[in-house]
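Let's take a walk through this protein with the sequence and the fold side by side. Please have both in view before reading on.

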Amino acid sequence: MKPKTESKTSTRLRKHFLSGLAVGSPVVLTLWLVWSIVMMIDGWVLPLIPKNTISADGILRQVPGIGVLIFLVLTVALGIIAKGFFGRTLVRLGDAIINRVPVVSSIYTSIKQIVETILGQDGPKFQKACLIEYPRKDVWSIAFVSTDAKGEIVNHVAPGGERVLSVFLPTTPNPMSGFLLFVKEQDAQMLDMGIDDAVKLIISAGLVYPQDLESAAR
């Protein structure tokens, strides 16, 4: 009987340990990630700031996060300047100069388009989340509708004149990488869930579903 008691105790302790790990790990990992980002930005910003411009004795330089604060202030100031006439003129002038430099212009243009797409409030955004049959028939994957396809792509994909969608098929668990696919509109099943919920579903490998879908399943 004693071995059974020890086995039950061991099982119970293991369950408690896993429960504690499940509760504590997200908190610890989040704090660690935030701290790492703060230290990384501090390491970038503080060496660029002369010591006597922060404080005479360097006390502020020892405060974690002061580099992040300086970075935020400078970034907001840059955004304000860029919105004005003088700032817009400087941006256009800088773009014109960089676009004349071989190789560098291609890299700069690509990075600028990606950043403006991700961060731009008025830029293009994914329209809807949808399901498409990929990588084969009767196997479905979540994708995001970006735009209506145009030009010769439509002529090749749908010579009959059907509407063709440009969709981005993200990978799991990293939705930043994926594939650009062109599908007929009737081959894409639109979803009611929002883009954010679809991204969570992809990152979690199907473990985190939108709450409304969970309640409907019950």
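## A strand with two partners

In this predicted model, strand S2 (residues 140-148) and strand S3 run antiparallel and are joined by 4 bridges. One place to look is Val145, whose bridge partner in S3 is Val167.

On to the next neighbour: S3 is also joined to strand S4 (residues 178-184), again in an antiparallel arrangement, by 7 bridges. Here Val167 stands opposite Leu181 of S4, while Pro170 faces Gly178 in S4.

## Buried or exposed?

How many of the residues of strand S3 (residues 164-170) are buried? The count is 7 of the 7, so the strand is largely enclosed by the rest of the structure. "Buried" here means under 20% relative accessible area. For the protein as a whole, 21% of the 218 residues count as buried.

Stepping back, the open sheet is built from 5 strands in the order S4-S3-S2-S1-S5, with antiparallel pairing. Its edges are S4 and strand S5 (188-190), each of which pairs on one side only. On average, neighbouring strands are turned by 40 degrees against each other, direction ignored.

Helix H7 (residues 195-203) packs on this sheet and touches strand S1 (128-133), S2 and S3. The direction of H7 makes about 145 degrees with that of S2.

## The whole chain

How many helices and strands does the protein have? There are 8 helices and 5 strands. Along the sequence they follow the pattern α-α-α-α-α-β-β-α-β-β-β-α-α.

Among the contacts in the protein with a separation of 6 or more, 40% come from residues 24 or more positions apart. The protein exposes about 16500 Å², and carbon and sulfur atoms supply 67% of that area.

Conventions
Residues numbered from 1 in each chain as written. Predicted model: local features only at pLDDT ≥ 70, side-chain atom pairs only at ≥ 80, totals over all residues. Heavy atoms only, no water. Buried < 20%, exposed > 50% of the residue type's maximum accessible area, 1.4 Å probe, protein only. Helix = DSSP H or I, 4+ residues; strand = E, 2+ residues; numbered from the N terminus. Pairing = 2+ DSSP bridges. Axes fitted to C-alpha atoms, helices over the stretch in contact; angles between N-to-C directions. Contact = heavy atoms within 4.5 Å. Areas by Shrake-Rupley, 256 points an atom, 1.4 Å probe, with all protein chains shown as cover.
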